[in-house]
Structures are given as C-alpha cells and as structure tokens.
Amino acid sequence: MASPCTTYQPSPGSPEDDSMILFSTSTSCSPAKQSTRTHSNSSSFHSSSPPPPPPQSSSNNKTYELRVRNLSYTISPNSSIFSSLIKKSTKPKISILKSVSFVAGCSEILAIVGPSGTGKSTLLRVISGRVRNKDFDTKSIYLNDHAITSPVQLRNICGYVAQEDNLLPLLTVKETLMFSAKFRLRGMGPKEREERVESLMQELGLDHVADNFVGDEENRGISGGEKKRVSIGVDMIHDPNILLLDEPTSGLDSSSALQVIELLSSMAKTKHRTIILSIHQPSYRILQYISNLLILNHGSVVHYGSLESLEENISRIGYEIPIQLNPLEFAMEIISVLENQNLHSKYQSCSYLRWEEAIIQDGASKEVIDQAKTGVVSNSGCSSLFEIAVLCSRFWKIIYRTKQLFLARTMQALVGGFGLGSVYIKMRNDEGGVTERLGLFAFSLSFLLSSTVEALPIYLQERRVIMKEASRGAYKISSYMIANTIIFLPFLFAVAILFAVPVYWIVGLNPSITAFVFFTFVVWVIVLMASSLVLFLSAVSPDFISGNSLICTVLGAFFLFSGYFIPKECIPKYWLFMYYVSLYRYPLDALLTNEYWSLRSKCFSWNDENHSECLLTGYDVLKNRGLDKDTRWMNVGIMFAFFVFYRVICWIILARKVSKTTI
C-alpha cells in the first residue's frame, strides 16, 4: 500500500518531463489527520485566530483524489459570419491553460489563485466537465488514477457551484433544497429526502432561515453569505465527493467569506470531500483553512503547494515578505518574477507511487466512473411524469407569489374589460355599430396580445436557473415546457373570463349564450398564443430591453398585416406572407364570424325610414371581409397551432442552449 504521503510519476511510456511529477502532501484521507500546518520560523505570516477544528468521524469510507496532468485548453477566436463565408479563419487559437498539473486530495481544500483573466474559472469548468466533448482531453484528468474519458462523467461525479447564485428568489431556503432533492435523489422516498434536506441545512448553518425567501434585488430575502451557502447546498444535495466552487467568497464581506470557507473546511474534513475553489486574495484567516495553493498566471502554473513552500520559494529568489502582507498577497505582486523562475513546489520527503500500482490498489473510483457513464451518481433522469409534477408544483408557487404578475394580469383584464365596455357601451345595431364592433375587436386583440409582455422579465430570470438545472440533468427541457403549459392554462383562462364577461355584456354583443362562450374561448386562445410568443422571444433575447423591443416590433408587424389596416389585395406580394403568419388575422376573423354568423339575415342598414329595402345584412358584413363561410373552428385550430408552434420552437432553442451551457 502507498504511504500516507504519496506522489506519482509518469509511467515508462510517458514523456520524461519534470513538470509532470507532482507531490501531494498528506493526501491520506484518515479522519485522524491533522488539519493545520506549522508555519516556518522565517514566515512573515502570523495567524491570530484559532486553528480549524479537528475532523469528525464519518460513515463514508469511500474517498477520492482528483489528479490533473498536463492539462491544456485552447479556444478559437470569434470570427464574423461574413469572414467565415469568404475564407477559412486564419486567426490563431487562444491558449487559456498551458500544461496545468496538480493533485487535489480528499479532506483538503485546494485554492486556485491568480490575477483576473488567468484561467481560474476555465480550469474549474474543464475539471467539472462543463466543456464540449471535442474540447475534452481524455488523458489529463484522473480519479484515484483512473482516467476520466468524458466530461459527462465529471458532471455526474463532481458538484459545481458557479460564481453567480442562480436561485429562484420566491422560493424559501427549504423549498429550494427540497426541489433540488426531488430532482437529484429520485431513489429516495419523501421522508428520506426531507431528512437529507434537514441534515444539509444543519450542516450549512441554514436552520434559522429555512422558511425565509431566497430573495433578490426587488424582494428582500436572506443575506449574501446565506445565499452562497444555499447555492452550495443545491449542488451538494446528492452528496458528491468532489466539490468545485468558482469564487465562493466573491461579493461577500470578510465575515461572511470566512464563514463560507470555515463551512467548506468542516465539510472537507468531516465527509472526506475533495474541495477545489478559486479565490481572489484571501485574508490571512482564510488561508489557514487552505491546504494547498495553485497559483496561475497567463494559464501556466506559477506555484503548486502549501503556503510554507510559497514562502520558501519567495525567499529563495531573494525577496523578503513585508510584515503587513501575507505570502500570497506578496506573491501576487511579484507573480511575473515567479512565473519567470518557473518554480513548482516539490516535496521530496514522500515515496513515489507509480500510476500502475494505484490502479491495482483502488477499486471504488472505477466503480464510480462506471456509474457516472450512465448518470447513476447524479440520480438524474427522473421519469417525465415525476419531473412534470414537481415542476408544476414549483411553477404554481412562483406564480402565486409573484404578486406583480398576478395582480398586473388581473387588473389588466378587469380594467381592460370594464374600460372598453364603458367606451362602447350598448353599441347600436346599425351601420355605424358595425364599424364600431370591428374597431372594438381590433383594439381588444391589440390589448390582449400586448398585455403578456410583463411576463418577459420573469421568463428571463428563470432562464438561467433552467440552463443550470437542465444542463446538470435535473430534468428535461421538454418537462419544463409541459409543466409551464399546464400551469399557465388555468391561470390564463381566469384572465380571459375576467376580460370577456364585462366587455361582452356591457357592449351588448351577440346575445346568444353560445356566441358568448365562443367569444370567451377565443379570448383564452389569444392570451395563450401571446404567452407562447413571449416565451419564445424570451428564449432568443439576451436581456429585457432587447426582448421588449423585439416583442413590440413583432406585434406591430403582425397588426399591420392583419388585414384591418391594409386589405389583403393591397398588400405587396413580397409582404403577403406576413398576412398568413399574423397572429391578429385569425382571431379577428373568428370574432367577426362569431358575432355575425347567427345574424346573417339581420339588417343593419335600411334604404329609408320605412325599412322597405335593406342595404347591409350580417352576411354582407362577413362577405366584405371574405368570410362567406363559417371558419370559426378552423381559425381556432390555426391559433392553437401557433400556440404549439412557438412552444416547440422555444423548446428546441432552450434544449440547444442547454447542450452548450457551461453553468
């Protein structure tokens, strides 16, 4: 067996490169391992806070060590579509990471440090599997010396916490973790999942805010440090042995940052987890919880090892660390000098462990890698019905608690219905009344289709959460789209009733009950169609401003070519396609047909006061619009087709984005 402190060297067939020989200090995962390191007497770094608490025992006997050897990563520069059509791009590829090597041992925290733009986040994305298959090097990343052959395996094995806290603000802390548990712990029963969430909240120190909303800029919620711990909990719900965090202290005050690092240190030791994080200039109190440092500059390793070895390297090249700075802060000031010296930490006190021997000694990691190929580790792939049911539950909570959307849609429907009714109250049954009815229907369409724009910011807010959850296998985009549709159907039906009832009876439209029911049904289909359009445009819009502009432009074009302003015969041929794809045309024709079809024989204009000759009947009104046949249900079918079409296109776009996301 290997000694408690081990190193590795390349196999005989590997290139002889000193940079490939890494030394891992104290990679033993024994619970009895000491958690602190004694600083050298020459150190200018002094800690005034007590050492981290000793690790507690854990029932988890499986431990894992992540080894990275000569990892490089390059990207192609963005080129314009025009230039790519003319000739193949000759711009050289940009090298982000250059032969990065290190060992991340269990029960330890490895901190990746370096200036901005040096590749820290890219390195975390690569070793967490957030890259495309063609960009993944199958010979650079090992779990307990077993090669990782695809990024999917890493995504299933590792927990990854991005820098941004992508959480739904209107869910409580417990609900956020419970929904994550339902998606990722499908093998557990409801009681076991709840116990897991309760245990995790206690471990994360979130018991006291369990029923508080997460919150955002507009809705007051938990603090930044607590929100970061919730983000950690979401990606730890399936209890990964390897946890990667991209700048977990970013945006936090010194006290909250220290609490987060203390929490991670405790989790590493009590559960024997391997934790890798990127961090910007940690304070001296945070540094005592970090086992090893990986300093990067321009994508290359400047230093790998403990803080003490960094001090030794700095002293070796003739620099003295100022009293007011810790060694890492000073190293950032002279990082170019360190890079030129190409100093790598090597601890020669440990015996060598060859890769072949490690493979024979370890069997647990191979089992985990084999499971990861099918996604067993992440507990992803819930049945579609289960996913839809859970997402419906979450959607309903969000809609019910989104007071702005709930009240806005309700007030819009009521004010719009009563407002239009008061303007067109008791409309006349003459030629002037015919024109007024056409104007009423046209304005109602414009009002209903544009009233769904306020849902755009909600869709945009949800989109990043969806990208993160779906890319990590929590659920399928198709399940999200179906759940979204199921929840919005009754909600928008209530909106349709609130609008249709007052406007229909106050105005005095066709008194037939059948006509009223069909009118309400058409209003419902209109808002459904508009909701699908906004959902589709939110999927292609980068932000609210561009999305709002796009919606206004599209709706304006649809209204212009609906046949209300310009008859079909007068539309230029090159714009005629807009007449057929206009969302205004079909509901306008359906409403007109519904109003006059049962009144085809009724006269609306007479030649004289004696009513001896009828000049305009209901049939004439329909014929003037080209509606000499009852096409109500055909128009409704086309409207439903638009409703489904925009949602299918949205599903395709989101699914494509999920396949490319690196969140």
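D239 counts as partly exposed, because its relative accessibility is 33%. This value, like the others below, comes from a predicted model. D239 forms a salt bridge with R273, and the closest N and O atoms of the pair are 2.4 Å apart.

**Salt bridges**

- The count of salt bridges comes to 18.
- The bridge between D239 and R273 links distant parts of the chain, 34 residues apart. D239 is in the loop between α6 and β9 (242–246), and R273 is in the loop between α7 and β10 (274–278).
- R273 has a relative accessible area of 1%, so R273 is buried.
- D239 and R273 also belong to a network of salt bridges that links them with E203 and K271.
- R625 forms a salt bridge with D589, with 3.4 Å between the closest N and O atoms. Because R625 lies in the loop between α23 (618–624) and α24 (632–660) while D589 lies in helix α22 (residues 585–596), the pair ties together parts that are 36 residues apart in sequence.
- R625 is partly exposed, because its relative accessible area is 25%. D589 has a relative accessible area of 6% and is therefore buried.
- R132 forms a salt bridge with D135, and the closest N and O atoms are 3.1 Å apart.
- R132 is partly exposed at 47% relative accessibility, and D135 is partly exposed with a relative accessible area of 26%.

**Helix α5**

- Helix α5 covers residues 190–204, which is 15 residues. At 1.5 Å a residue the helix should span 21 Å, and this agrees with the 21 Å between its end C-alpha atoms.
- The buried residues of α5 are R193, R196, V197, L200, M201 and L204. Seen down the axis of α5, these buried residues fall within an arc of 130°, so they line one face of the helix.
- K191 and Q202, on the other side of α5, are exposed.
- The cover over the buried residues of α5 includes α4 (173–184), α6 (224–234), α7 (254–270) and α14 (384–401).
- Just after α5 comes G205, which takes a positive phi of about 70°.

**Helix α14 and F395**

- Helix α14 has 18 residues. From its first C-alpha to its last, α14 reaches 26 Å, close to the 26 Å expected at 1.5 Å a residue.
- The buried residues of α14 are E387, I388, V390, L391, C392, R394, F395, I398 and I399.
- These buried residues pack against α4, α15 (403–423), α17 (456–471) and α18.
- F395 is located in helix α14. At 5% relative accessibility, F395 is under the 20% limit and therefore counts as buried.
- Leaving out residues up to four places away in sequence, F395 touches E462, Y480, A483, N484 and I487.
- F395 and F488 are 93 residues apart along the chain, and their C-alpha atoms are separated by 9.0 Å.

**A nonpolar surface patch**

- F493, I497, V501, W505, I513 and V517 form a nonpolar patch on the surface. Together these residues have about 510 Å² of accessible area.
- The elements that give two or more residues to this patch are α18 (477–507) and α19 (513–540).
- The largest contribution comes from α18, which gives four residues.
- One of the patch residues, I497, lies in helix α18. I497 counts as partly exposed, because its relative accessibility is 33%.

**W633**

- W633 lies in helix α24.
- W633 has a relative accessible area of 58%, so W633 is exposed.
- W633 touches F518 and F521, when residues up to four places away in sequence are not counted.
- The C-alpha atoms of W633 and A590 are separated by 7.8 Å, and these two residues are 43 residues apart along the chain.

Technical notes: Residues are numbered from 1 along each chain as its sequence is written. This is a predicted model: local features need pLDDT of at least 70, side-chain atom pairs count only at pLDDT 80 or more; totals for chains, interfaces and linings use all residues. Side-chain values use heavy atoms; hydrogens and water are left out. The expected span of a helix is 1.5 Å times one less than its number of residues. Buried means under 20% relative accessible area, exposed over 50%, partly exposed in between (1.4 Å probe, protein chains only). The arc is that of the directions from the helix axis to the C-beta atoms. Contact means heavy atoms within 4.5 Å. Patches are made of residues with over 30% relative accessible area and no salt bridge: like charges are joined within 9 Å, nonpolar side chains (Val, Leu, Ile, Met, Phe, Trp, Tyr) within 5 Å. Accessible areas come from the Shrake-Rupley method with a 1.4 Å probe; for residues, only the protein chains shown count as cover. A salt bridge is a side-chain nitrogen of Lys or Arg within 4 Å of a carboxyl oxygen of Asp or Glu.
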